[in-house]
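Have the structure open beside you as you read.

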Amino acid sequence: VGGTGARTAGVRILDAGPKHSPRFFIEDVRKGRWGAKDVEDMIQLCAFRDGHDCRIREEQEGGSAGKAVIEARRRLLAGWDYQGVLATGDKETRANNLRAQAEGGEVALVRGPWNEEFLQELEVFPDGRTKDQVDASAHAFNELVTGVRPLKKANVRWG
């Protein structure tokens, strides 16, 4: 998607449970180059669409500006389980858990218009020009499998 803002992406992953194979389903990917207000609008739209049982996590940028963005979003998304998360390690390291499950056949994509571009980015990762969809997927997956309470869906947007 065109635009002049920073590249950004959001991913929703479903955990079907350990008795299912594949276990994890990437249900939706949204990506684009949007300005701050458009990102906020997209996050709010996805929150309403995904429902209140879906956690929403956003990567928190460093410094006081990153904290201010997270606090503003928390107010915007009152009623949803929203948190900012600090990224640790590099993008490739963060993607290792998801990569391992995908290589084991435990990750599937729900058919959607985003599939082709998503797979193209995955195929060239980490050497491709963009990494936003992979990074958002890794964040969503890691939140889903290491979160503090059981959940069925993780919606980690705007990585």
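Glu 117, Phe 118, Glu 121 and Leu 122 in α5 meet Asp 132, Gln 133, Val 134 and Ser 137 in α6, where contact means heavy atoms within 4.5 Å. The residues of this contact divide into 3 nonpolar, 2 polar and 3 charged. Here Ala, Val, Leu, Ile, Met, Phe, Trp, Tyr, Cys and Pro count as nonpolar, Asp, Glu, Lys and Arg as charged, and the others, Gly among them, as polar.

Before going on, a word about the model: it is predicted, with local features needing pLDDT of at least 70 and side-chain atom pairs counting only at pLDDT 80 or more, while totals for chains, interfaces and linings use all residues. Residues are numbered from 1 along each chain as its sequence is written, and side-chain values use heavy atoms, leaving out hydrogens and water.

How do the axes of α5 and α6 cross? They come within 8 Å and cross at roughly 90°. That makes α5 roughly perpendicular to α6, a label for angles of 65 to 115 degrees. Axes are lines fitted to C-alpha atoms, for helices over the stretch in contact, and angles run from 0 to 180 degrees between N-to-C directions.

Now compare two residues. Buried means under 20% relative accessible area and exposed over 50%, with partly exposed in between (1.4 Å probe, protein chains only).

Leaving aside residues up to four places away in sequence, Gln 133 touches Ala 9, Val 11, Val 29, Lys 31, Glu 117, Phe 118 and Glu 121.

Finally, the whole chain. How many helices and strands does the chain have? There are 6 helices and 6 strands, counted as DSSP runs (helices H or I, at least four residues; strands E, at least two) and numbered from the N terminus. Along the sequence their pattern is β-β-α-β-α-β-α-α-β-α-α-β. Of the 159 residues in the chain, 43% are buried. Among contacts between residues at least 6 apart in sequence, 70% join residues at least 24 apart.

How values were computed. Angles under 35 degrees count as roughly parallel, over 145 as roughly antiparallel, 65 to 115 as roughly perpendicular and the rest as oblique.
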